[in-house]
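Reader: I have a model open and would like to learn how to read a few of its features. Could you walk me through them?

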Amino acid sequence: MTAIAVNQFAQSITCHAWGPDHSMVAFCPNNNEVHIYRLSQDKWEKVHVLEKHDQIVSGIDWSPRSNRIVTASHDRNSYVWNLEGSEWVPTLVILRLNRAALCVQWSPKENKFAVGSGAKTVCICYYEQENNWWVSKLIRKRHDSSVTSVAWHPNNILLATTSADGKCRIFSTFIKGVDTKDSRTGPSSDSKFGEQIVQLDLSFSWAFGVKWSPSGDTLAYVGHNSMIYFVDEIGPSPLAQNVAFRDLPLRDVLFVSERMVIGVGFDCNPMVFAADQRGIWSFIRFLGERKTISSGSKYGSQFSEAFGKLYGQSKHGLSNDAVEPSRSRGGIHDNCINCILPLRRSGISTVMRFSTSGLDGKVVIWDLENQADLSEYL
Amino acid sequence: MASTEGFVEADNAEAIITRIEHKSRKIESLLKQSKPVEALKTALEGSPPKTRDERCKSANWIVVHRALMAIKDVEGLLSSLDAEYYDILMKYLYRGLSTGDRPTCDQCLRIHEKLTERAGLGCILRCLADTVNTV
């Protein structure tokens with residue numbers, strides 16, 4: 001069994017994040033609050049509710065070393081939360097946006113965070129000691145639509161973004177006084193703040209869920225057209241691979257090693273992609289239980305009725321009767337999975353455990369131990 | 001709409017039309033030899049999605065349609081058709097369904113059902129999501 005814990009925390013979850021030692025989880029139950037649960041004696045207890053946002057919280061990230069939480073919301077604001085005593089104290093970050101903030105992530109060194117927004121911009125925020133506040137610097141250019149996802153390169157300088165205009169872009173986020181010269185390496189060596197390193201134009205529809213591999217050599221992102229893209233040699237002439245798969249589109253991805261990626265999305269079941277010896281990526285299999293394929297419930301509940309209509313009257317009754325509501329897919333998640341996070345053990349770059357959350361309100365922890373056919377890619 | 005970079009310009013359209021006419025003759029001869037699957041493959045090869053020229057698209061649709069309607073054994077077709085053709089075939093099935101012509105729609109639905117079983121919902125998604133490379 002690959003799913004080792006299934007927790008139904010809410011009706012629906014927009015995003016979640018883990019505390020430094022994975023004993024606490026923060027998530028947004030599809031409203032303006034962030035709930036923090038702690039595991040004590042095998043039971044999850046609600047320990048904090050962070051109430052400051054006015055609208056849905058669209059992004060949460062919890063920094064592992066400095067133990068700070070950053071949240072981004074449709075109310076166009078971000079808060080950085082510090083634990084003082086037993087209380088989480090918010091600090092408002094003025095993003096200067098005129099549209100919703102959609103995603104947020106701490107940089108690897110935890111001295112900056114990036115916020116993607118519906119205002120076609122990315123905010124890079126950093127702490128200013130003398131004024132005791134977080135300053136937001138905007139990358140205004142380039143994006144032709146909402147920024148759906150952001151991902152930091154391990155070098156703390158490069159930032160990859162995906163956008164609803166279908167493109168994936170990589171920017172330099174070098175900030176004087178925050179970043180040091182020696183941290184600049186590779187293609188970002190002499191680029192200023194906001195300079196675009198490369199624009200990847202592979203998808204013809206919305207792009208989501210961008211991530212770097214642990215070394216930062218490979219980039220993966222997904223399109224809303226049931227495609228996943230792998231890019232090597234980021235720079236002036238990147239090498240791209242497009243992988244089409246037979247099921248519904250993905251929303252987010254996670255590198256568990258240099259050669260293996262887990263994709264999650266509308267198919268409600270994590271998909272495993274891996275690169276072979278020659279570096280060619282392909283779909284391997286689903287991670288959850290196999291879907292039972294019988295003639296009646298081929299496409300699950302959402303589709304059977306529509307398909308019945310499409311294929312004519314005679315089949316209509318049959319396909320409707322054969323499908324039970326909602327559970328017919330036989331998976332662990334019952335609805336779109338929109339968030340996947342690593343549960344890293346310190347010092348090990350390969351991720352053996354990860355968690356997913358989705359519109360069904362569950363947070364599921366998965367373990368890749370004892371998966372004989374996958375171990376060669378780890 | 002003005003053609004953008006990377007799209008075939010109008011004077012290239014004549015060349016495409018000529019190629020399609022040539023393809024059409026080849027398909028007719030394949031159909032006479034009762035090789036409908038080969039005919040459909042030929043029709044799908046070199047389809048001109050990367051042009052905004054509607055004449056080219058229509059001309060190619062006519063040859064694809066001709067080959068499509070000759071298909072009797074759908075299972076046989078799909079097992080001998082390479083997976084790389086699935087996406088482009090799906091696009092033409094939707095074009096066929098959009099005509100509203102009864103026999104065409106019946107045939108397209110028949111193939112659509114079998115193709116979806118084989119190529120999955122992802123194939124439909126790619127076809128619907130792609131608003132740039134239309135057929």
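Predicted model: local features only at pLDDT ≥ 70, side-chain atom pairs only at ≥ 80, totals over all residues.

Author: Gladly! Residues are numbered from 1 along each chain as its sequence is written, while chains are lettered from A and ligands numbered from 1 in the order in which they are written.

Reader: What is the phi of Asn67(A) near?

Author: Most residues other than glycine have a negative phi. Phi of Asn67(A), however, is near 55°, a positive value. Asn67(A) sits in the loop between strand 6 (57-62) and strand 7 (68-73) of chain A (strands are DSSP E runs of at least two residues, helices H or I runs of at least four, both numbered from the N terminus).

Reader: And Gln41(A): is it buried or exposed?

Author: Gln41(A) is exposed, because 5 other C-beta atoms lie within 10 Å. Its phi is positive too, near 50°, and its loop joins strand 4 (33-40) and strand 5 (43-51) of chain A.

Reader: How many residues does each chain bring to the contact?

Author: Two residues are in contact if their C-beta atoms, placed from the backbone, lie within 7 Å. Here chain A gives 15 residues and chain B gives 14.

Technical notes: Buried ≥ 20, exposed ≤ 12 C-beta atoms within 10 Å, placed from the backbone.
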